[in-house]
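Here is my note on the model, as numbered points. Please read it with the structure open.

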Amino acid sequence: MKRILTFQSAARFAGFARMSAVFGLLTILIAGSTLEAASPDLNNTLPRGAQRGTETKVVFHGNRLEDAEEILFHYPGITAKDLKVLDNRKVEATLVVAPDARIGEHHVRVRCKSGISYARNFWISQFPNVDEVEPNDDFNGPQKIDLNVTIEAEAKREETDYYQVSMKKGERLSVEIEGLRINNIRQNIAIDPYVSILNKDRFEIASADGSSLLKQESIVSVIIPEDGDYIVEVRDSAYEGRGRYRAHIGTFPRPMAIFPAGGMPGEETEFTLIGDVKGDYKTKAKLPLTTEEGTFGVLAERDGAFPPSPNPVRVSDMPNVLESGENGDMRSPDLASVGALPLAFNGILEEEGDIDYFKFTGKKGQNYRFRVYANTIGSPVDPVLNLYDSKFKSMGGSDDANGTKDSQVDFKPAADGDYYVRVTDMLKRGGSDFVYRIESEAFTPRIEVTMPEMLRRDLQYRKQFNVPQGGYYSMVVNTTRRNFSGELVFDFPQLPEGVTWEAGTIPKSVSQFPILLKAAPDAAIGGGMYELKVKNTDEKSPVEGTFKQALDLVRGPQNGVEYYTRYHERLPISVVEEIPYSITIDQPKSPLVRNGTKKLKIRAVRKDGYDKKITVRLHWKPPGITSPSTMTFGEKDTELEYELNANANAEINTWDITVIAESDGGKGLMMTAAPFVKLAVEEPFVSMKLSMATAKQGEKIDMVAEVENLREFDGQADVQLFAVPAHATVPIMKIDKATADLNFPIQTTEKTPVGQHKNLFCTVTVLQNGEPVVHRVGMGGVFRVDPKPKEPVAAKPAAEKKVVAKNEPKEKPLSRLEQLRLEAQKEAAAQ
């Protein structure tokens, strides 16, 4: 069953990313007739990838795709042409991949007249893409392939695929699999790939079941010992596979680590690629100014080929410190200070039991967070981090943090001086690829911009903002201020033509806030990916953040845990066809007061006899306000009341509010929103304190209330006492702005339950501008009912005492048999 949520955090799988500031949106448009459709759904593509510098025909599989118009890509390098709708579940297009398109993962969406789909991944390789040819599940009958190809194949249950290549002695044979990451099966893993290289005698030369660099994806690379044919075996590790995979098979380099594990934005950095079977090699790369995930993928060419996927490095604004000399003892006089923070410490735990120390200068009052990046960037290190002062006293330590195997420790020195940072592997392991990076992050002001999770285990749910022509749509944005406070404002640098937006200033006490999008009636159907920025309002100390969306591309057991998640800094926004209904909220003419309630009048305008149910949801509520999760219009209803409740601490302000509406016209959900209305949350007009009252059953008594007028109001207000016991009545009373005391006449009956009745309260209804302002006051009143007194019982007259003579014999009682005979005699006489 689906469950609608407000919040949830997401686990991360770090990887490479390009800077989003230069990302273009490359698309292909087609013409077509108007079709009634809604909420398009993209599941996957076939094939799952293509070779760069080629054209490939691709089929997009999903649901409700019959009005597809456009293919959207998150990154440059791919365009589409000849788009053709095959049916409501399939769309075909020819993808044109530029020769310089980035190798590896891309993200793709389908835009229909009715909206934009979820993002799915699509993979670009440097090699020709070759289809698997069945049967190839017999070791003695493998599929023969050329070197340096990418195989598009399907893993099946209890089946192994075999591929044969011819090799020369001394050549490198590398295999890398894309399997787990390229399938979308809800809450399940399609394939957990296993790969091995065997000779013709079935002797295993090398095998892999997962890798540090790509987690559950397998990589294997060997130097061929002699001329001959070799077999590449690919299967699911548990023989349970039921999904697609791509196998890169060739002589390409495959470094397993990179050092240093990061650099400064905008700078060219020299990196050493570690772990290729032909030895380490170097490359230079200029790091981008901005990234989506804090990382950048370095693709290092060697012998005219690239690895199929990059080695990720951190991009952070702090100088690199590289491990050098003997640094295994912090007490060693040869351990020199590397300078003052902020710094990024880079090293390799090269052997078992290796421990690395760095000495640095700290100043009193500094506030830094030391964070290790190792496992999250593809290193096998499971780090343990410790900090020490100049007297070698511990200042803190950490093993796992932030839902990852990487460590984190906060650092705030009490005095100027030298300090030490220590790192080792939790299991004391080591090796040439055990690379790590420790960043000292200053607590500088920043804004994190995300959106709340609306459906458990689905981070993309309702993160596509499809605005109907002439209508509205709304989004709720989470803003997290780090190391500063203050008011914030939104900014869309660009939106689809004909779309405008509206949002108020975010108060400093509020982190979640709504934005309303509006499409003009004549807005052209179309859309794409757009930036959303959040800024503070202090011009002297500007802070800016950019929205980042989590794309949970693979979830699996148990309970839909995230296996593979990427991030993107743009929002899918589109103009869609006009829908057959709209929603409005009557502008309230009176406030909602603290500890009060208010009913919003919601209206549905049905067009052309549209008669389906419409569900509305107040998807954002001001602080301290609660409401039902949803309300539903019946098939022909056009009005309903949506009740809001304010607690005693509801924030005083005038808020923009809207509702999201959804209706299924038979082909998926059609969604819209109501225009903003202003909701004023104010202090109450009156307060009240109820005195305890006691009555006997059947009595009429007065419960006294002390009334405090907090704000002046005109006329009289109705006051009603609630939670009185059964079989007790009390009339509605009146007060005005001068009332100080109020007596509630409570009439009980003989049936009124005896006992202490708690939690009595009152509603006070003040009229303002003809609308009720309802208060809940006097909470916690107590009314005790005692039993009705018993009537006195009259004294019975004394019975006349029979005098028995002294020697008179006592009357003998009758036996049971005698009693029966006597009764029979009486019955016979009566007849």
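1. Start with the aromatic cluster. F345, F358, F360, F370, F411 and Y419 form one such cluster. Rings of Phe, Tyr and Trp (its six-membered ring) pair if their centres lie within 6.5 Å. Planes under 30 degrees apart count as stacked, over 60 as edge-to-face, and the rest as tilted.

2. A word on the basis. This is a predicted model, in which local features need pLDDT of at least 70 and side-chain atom pairs count only at pLDDT 80 or more, while totals for chains, interfaces and linings use all residues. Residues are numbered from 1 along each chain as its sequence is written, and side-chain values use heavy atoms, with hydrogens and water left out.

3. Next, the ring pairs. By this rule there are 18 aromatic pairs. One of them joins F513 and W620 edge-to-face, at 5.4 Å centre to centre with 70 degrees between the planes. This pair links distant parts of the chain, 107 residues apart. F513 is in strand 41 (residues 512–519), and W620 is in the loop between strand 51 (614–617) and strand 52 (625–626). Strands are DSSP runs (E, at least two residues), numbered from the N terminus. Both F513 and W620 are buried, that is, under 20% relative accessible area with a 1.4 Å probe and protein chains only.

4. Look at T658. This residue is in the loop between strand 55 (653–657) and strand 56 (660–664). T658 counts as buried because its relative accessible area is 1%. Its side chain reaches the backbone oxygen of A674 at 2.5 Å. T658 also touches S474 and H619, among others; contact means heavy atoms within 4.5 Å, and here residues up to four places away in sequence are not counted.

5. S474 and H619 come up again at a cavity. Of the 13 residues that line the second largest cavity, M454, R462, S474, V476 and H619 lie nearest its centre. A cavity is a set of points on a 1 Å grid over the protein atoms alone where a 1.4 Å probe fits but cannot get out; lining residues have an atom within 4 Å of a point. The volume, the space filled by probe spheres set on the points, is about 140 Å³. Strand 38 (residues 472–482) gives the largest share of the lining, 4 residues.

6. Last, V165, in strand 13 (residues 161–167). V165 is buried, because its relative accessible area is 0%. Its contacts include I145, L173, Y230 and I249.

Conventions
1 Å grid on protein atoms, 1.4 Å probe; cavity = no way out; pocket = protein on both sides within 12 Å on 5 of 7 lines; lining within 4 Å. Buried < 20%, exposed > 50% of the residue type's maximum accessible area, 1.4 Å probe, protein only. Polar contact = N/O pair within 3.5 Å; in protein donor to acceptor, adjacent residues only side chain to side chain.
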